[in-house]
Amino acid sequence: MDFLETTQSALTAILANRMRSFLTILGIVIGVTSVILLISLVSGLQTFITSQIQGLGSNLLIVIPGRIGGARSPGGVQANRLVYQDAINLRNKLDGEADVSAAIQRNATLKYGSKTDKGAAVFGVEANYPEVISIKITEGRFFRQSEADSSKKVAVIGPTVKSNLFASGKALNQTIDVAGLKYIVIGVLGPRGAVFGIDFDNSIYVPFASAERQFGIENLNTIYISAKTAEDVKDVQKRAQGILGKRLSEDEFTVQTQEQTLSTISQITGVLTAALGGIAAISLIVGGIGIMNIMLVSVTERTREIGLRKAVGAKPSDIRNQFLIEAVTLSGIGGIIGIILGIGLSFIIGRFFTTTVPIWSVALAFSFSMLVGIIFGVAPAIRAAKLDPIEALRHE
Amino acid sequence: MSTLVKLTNINKIYVSGEVSLKALAGINLVVKKGEYIAIIGASGSGKSTLMNIIGLLDHPTSGIYELDGQNTAHLQEERLAEIRNQKIGFVFQSFNLLPRTSALDNVSIPLIYAGVSKPERLQRAKQALDEVGLADKLQSHPNQLSGGQQQRVAIARALVNNPELILADEPTGNLDTKSGEEIIKIFQKLNWEGKTIIMITHEANIAKHAKRIIRLKDGRIESSR
């Protein structure tokens, strides 16, 4: 009996018990859907972060407090000892090789008239920030060196801040309240996007000294170093490590290239993918147990049919294949429905967060569901194949 | 006439724990091609066991069974299935048709395992149903057919792969007298056409249609005429 025909008669048997078949494959459907959905979220996250980082330019190096890739966790645990003097040292000694720009960050509530924007990120940056980081200004301009030197209260705002405070009205030259002090809006940034609910556009940029004074900040969050050419990056990294190493110990700072940042992120998302995918895979296994259960019931129900088929010439292998193909057809249908649901849901969620469905995740989820069908279908199929035809024909 | 079934000193002992039951005790039987035999006997006389052994569904504990000149001892399960498919057609008391399956598809089942292509299967199944007078019931499901019609479908299924031997186990046991007679007529017609038929029955008026009647008692052949 050829494969296609067996599949056809398996489908007939499955359709004869629609409700039961549907409930049986539900576990597989949920498993495949969640594998595809979770992987699409994580890989969407990775795509987004990667494009953000690449958008900053491959010449960029980032200095952050604490150590990444060491035994201790980065930042947090130890006190931040990175200060503005470190940025000045770097700027003096790397003159001609790279541009250096320091940044601090706090969260604050912004107000304009009756409108408020809670939890916006306030970045205190230097006037050369746009030369170091590629940002897009859609309205107005970034602040000048003179404005930075005199710690003017001027601000460049992100698009979310603009829409929160001004709706569709004019933002330029308006005065906003940043944690109690007045700032004049001189520019608006282009959109960068959001992922997992973190909105990168809900931020404002103000002169370094203004933020430093207002918030009483002593330590830096980041020093950006932009090498003149991409070939210099490794060299500049070594030199920067040497310069910072004179004052700070090895685990008090990290100089990271974009390449390293990307690999750190892909490590993190790799672990996330494995963890979430693994959890989803458990529901596939649970679904497989459901299939095994229903196939065992089916073998018992159809004992007489099995006896009859054997009497008229079915070999044990014919019976085994019949039930195995039925189990795999069940799980395969579940897999296909799961793929459609997973891609559909990921598409819908994609309107809020970045999601991407990699082909490999679809292939993985589908082949895993087929595999589950085979593994959990084998035992019932072998039981059916081994039935004694005389006993089977006598079965009530 | 050549020999189709040859049983030599067949014994069948069922062992269940300490108790053993001798279902067949030294059966010797030769069935020639074209014979029509009725096997009668009280329940527990070993009729069904004998039928299962002749039908290659069961193995004798000892003795030699040759079917169409071939010794069937030591044959693998797969090979036995092939022989059943090609040489034996079964008709059961309870019809054993697949529910929710048309008469045509029910009759086609043996041909599936014979590796016959689908168009040929349908054509031959149609022909077999025509032979038992059900040409107008091809698409009917078992629950739409009377008992007599269901048994005729089962006979068509037994015939479809053109076997040498038809084994019928109480084929009229679940039928009223009139339907039973119709079934017996079909068996007679098949026998005239040259089929070898072995039928188990406990009804004397059914058995009298056979050319030879074998009476079993306590696992032995008590009389044969």
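This is a predicted model: local features need pLDDT of at least 70, side-chain atom pairs count only at pLDDT 80 or more; totals for chains, interfaces and linings use all residues.
With 13 C-beta neighbours inside 10 Å, B:Asn9 counts as partly exposed, because the partly exposed class falls between the exposed limit of 12 or fewer and the buried limit of 20 or more. B:Asn9 sits in strand S1 of chain B, which covers residues 3–16. Its backbone deserves a look as well: although B:Asn9 is not a glycine, its phi is positive, at about 50°.

A positive phi is also found in chain A, at A:Asn173, where the value is about 65° although this residue is not a glycine either. Where does A:Asn173 lie? Its place is the loop between helix H6 (159–166) and strand S6 (175–178) of chain A. A:Asn173 has 9 C-beta neighbours inside 10 Å and therefore counts as exposed.

A further loop residue of chain A is A:Arg247, located between helix H8 (233–245) and strand S12 (253–257). Its 14 C-beta neighbours inside 10 Å make A:Arg247 partly exposed. Sequence and space can be set side by side here: A:Arg247 and A:Leu82 are separated by 165 residues along the chain, yet their C-alpha atoms are 9.6 Å apart.

Turning to the overall build of chain A, its secondary structure consists of 13 helices and twelve strands. The radius of gyration of chain A is 31 Å, well over the 21 Å that the globule rule gives for 396 residues, so this chain is more spread out than a compact globule. Along the principal axes, the C-alpha trace of chain A spans about 100 × 50 × 35 Å. The domain assignment divides chain A into domain 1, made up of 3–51 and 265–394, and domain 2, which runs over 99–228. Taken over C-alpha atoms, the centres of domain 1 of chain A and domain 2 of chain A are 52 Å apart. Of the 396 residues in chain A, 41% count as buried. Among contacts in chain A between residues at least 6 apart in sequence, 83% link residues that are at least 24 apart.

One helix pair in chain A can be followed in some detail. Helix H9 (residues 258–301) packs with helix H11 (residues 316–349) at an angle of about 140°, and the axes of these two helices of chain A are 11 Å apart. H9(A) and H11(A) are therefore oblique to each other, since angles count as roughly antiparallel if over 145 degrees. Their crossing is right-handed. On the H9(A) side the meeting residues are A:Gly287, A:Ile291, A:Met295 and A:Val299, which face A:Phe323, A:Ala327, A:Leu330, A:Ser331 and A:Gly334 in H11(A).

Chain B holds seven helices and ten strands. How does its radius of gyration fit a compact globule of 225 residues, and what value does chain B have? Such a globule would have a radius near 17 Å, and chain B has 17 Å, so the two agree. A box of roughly 50 × 40 × 40 Å along the principal axes is filled by the C-alpha atoms of chain B. Of its 225 residues, 46% count as buried. Among contacts in chain B between residues at least 6 apart in sequence, 70% join residues at least 24 apart.

Helix H3 (residues 103–113) and helix H4 (residues 118–131) of chain B pack at an angle of about 120°, with 9 Å between their axes. H3(B) is therefore oblique to H4(B). The crossing by which H3(B) passes H4(B) is right-handed. From H3(B), the residues B:Ala103, B:Leu104, B:Val107, B:Ser108, B:Leu111 and B:Ile112 take part, and they meet B:Arg121, B:Leu122, B:Arg124, B:Ala125, B:Lys126, B:Ala128 and B:Leu129 of H4(B).

Finally, the two chains touch through a contact that takes 20 residues from chain B and 17 residues from chain A. Which elements of chain B give two or more residues to the side that touches chain A? These are helix H2 (77–87) and H3 of chain B. H2(B) supplies the largest share of this side, with six residues.

Conventions:
Residues are numbered from 1 along each chain as its sequence is written. Chains are lettered from A and ligands numbered from 1 in the order in which they are written. Domain bounds come from an automatic or database domain assignment. Helices (H or I, at least four residues) and strands (E, at least two) are DSSP runs, numbered from the N terminus. The radius of gyration is taken over C-alpha atoms; the globule rule is 2.2 Å times the number of residues to the power 0.38. Two residues are in contact if their C-beta atoms, placed from the backbone, lie within 7 Å. Axes are lines fitted to C-alpha atoms, for helices over the stretch in contact, and angles run from 0 to 180 degrees between N-to-C directions. Angles under 35 degrees count as roughly parallel, over 145 as roughly antiparallel, 65 to 115 as roughly perpendicular and the rest as oblique. A crossing is left-handed if the near helix is turned anticlockwise from the far one by less than a right angle, and right-handed if clockwise.
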